[in-house]
Amino acid sequence: MPPQRIHLSPPHLTGHEAAALQSVLDSGWVAPAGPAIATFEAAIAAATGFRHVLATASGTAALHLAFRVLDIAAGDEVWAPGFTFIATVAPAVQMGAVPRFLDVDPACWTLDPHLLRHELRAAARRGRLPRAVVAVDIYGQSAELDAILDACRPWDVPVVSDSAEGLGATIRGRHAGRGARIAALSFNGNKIVTAGGGGALASDDPLYVARARHLAHQAKDPAPHYQHTATGHSYGLSSLLAAFGTTQLAALGARVAARRAIFDRYRAALSDLPGISFMPEASWGMSTRWLTGILVDPARFGADREMLRQALDLAGIESRPMWKPLPDQPVFRDAPRAGGAIAAALFARGLCLPSGTGMAEADQDRVIATIRGACRA
Ligand SMILES: *Cc1c(COP(=O)(O)O)cnc(C)c1O
């Protein structure tokens, strides 16, 4: 029998999920309202320090609500790093906004604040500032949010933090995303902890979260009949998933430690290989190392990133190229952009390795041996 396939980042159950689901079933409160939701929101607030939290059906739904709350309108520019998942901007694009993609900083792989500062000055001269800037946490590493906020402050451009990959990460001792007007979190199955799907919108400003809550539940005005002065969404999280997520969140600290240990183990076992380097960790924060990212220099390693990915695949190991830059996606071929060479190089050379915290050491050894075997230097 062939060995079991090793996946990139599968859900890691704690063993307490079934009891949590059963207690919600016993309570009868299974809809996207009720005590299990409030408990999950309080647990997210406690884990992150955000004062106000709304549980949502997904991280993408939280981003959509963030753009709604900030009144993004058709024709507005929304700026984001090009090196990210499409959900960072997709809801804004669906609202008619024009995305503009900026390059990332090679020291942290997140939005380059110097480039942002420069581009904001140029945009002010043109008389067309963005309506929002989205900072994005990548592979467990917080964006350089303080510098991004500093760059945006003179122009009063609001910053949204896509912290879907940043849960558990810190920046200067506080949780990733804190300081942005609104942050979006994700509890999708591949993230560091999961609710079996789900997300959250978080802010220190109660008004943003109250508006998002209203919009997330069909924008029902207070009246005995159905009364609406705006159209909303059906973006609430099921109580069942909220209870699932609460049990998972309790393990967040352990999951962060385990992801970091997986990264350290890869680095110790592979860093002597020519042409292999690891994602840097920014000095101002702690990364969760949600996914271990390596760069493959084909001239030195003797094989390129795609050859390595295929060698792993043949050995029953899932790995994944890093984000293909959004400005290089066919859907955004006409989108304005600034820079992009760093993001393009990360895509050309970058590979994410299996990083699930449920992975046995023997499985990680299989990944390591396959990478060592693929080296042709
Ligand atoms: C996962 C992810 C999202 C979307 O979260 P979902 O819960 O899957 O909707 C958004 N942005 C980034 C950067 C992500 O990695």
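Tutor: Let's start at L295, which is found in strand β12 (residues 292-296). Strands here are DSSP runs of E with at least two residues, helices are runs of H or I with at least four, and both are numbered from the N terminus. Before we go on, please keep in mind that this is a predicted model: local features need pLDDT of at least 70, side-chain atom pairs count only at pLDDT 80 or more, and totals for chains, interfaces and linings use all residues. Residues are numbered from 1 along each chain as its sequence is written, and side-chain values use heavy atoms, with hydrogens and water left out.

Now look around L295. Leaving aside neighbours within four places in sequence, L295 is in contact (heavy atoms within 4.5 Å) with W109, G275, I276, S277, M322, L346, R349 and G350. Take R349 from that list: L295 and R349 are 54 residues apart in sequence, yet 5.0 Å apart in space, C-alpha to C-alpha.

The domain assignment, which is automatic or from a database, gives domain 1 (17-249) and domain 2 (252-374). Taken over C-alpha atoms, their centres are 25 Å apart. In all, 41 residues of domain 1 are in contact with 36 residues of domain 2. The buried area (accessible area, with a 1.4 Å probe, that two parts lose on being put together, summed over both) is about 3,600 Å² between the domains, with 70% from carbon and sulfur atoms.

On the side of domain 1 that touches domain 2, β3 (98-102), α5 (113-126), β6 (170-171) and α8 (239-249) each supply at least two residues. Strand β3 gives the most, with 5 residues.

Salt bridges do occur elsewhere: a search of the whole structure finds 20. One of them pairs R265 with D365, the closest N and O atoms being 3.0 Å apart. R265 lies in helix α9 (residues 252-270) and D365 in helix α13 (residues 361-374), so this pair ties together parts that are 100 residues apart in sequence. Both partners are partly exposed, a class between buried (under 20% relative accessible area) and exposed (over 50%), with a 1.4 Å probe and protein chains only: R265 has 24% and D365 has 36%.

Another salt bridge joins D146 and R174, with the closest N and O atoms 2.8 Å apart. D146 sits in helix α6 (residues 145-152) and R174 in strand β7 (residues 174-175), 28 residues apart. R174 counts as partly exposed, at 22% relative accessibility.

Terms used:
A salt bridge is a side-chain nitrogen of Lys or Arg within 4 Å of a carboxyl oxygen of Asp or Glu.
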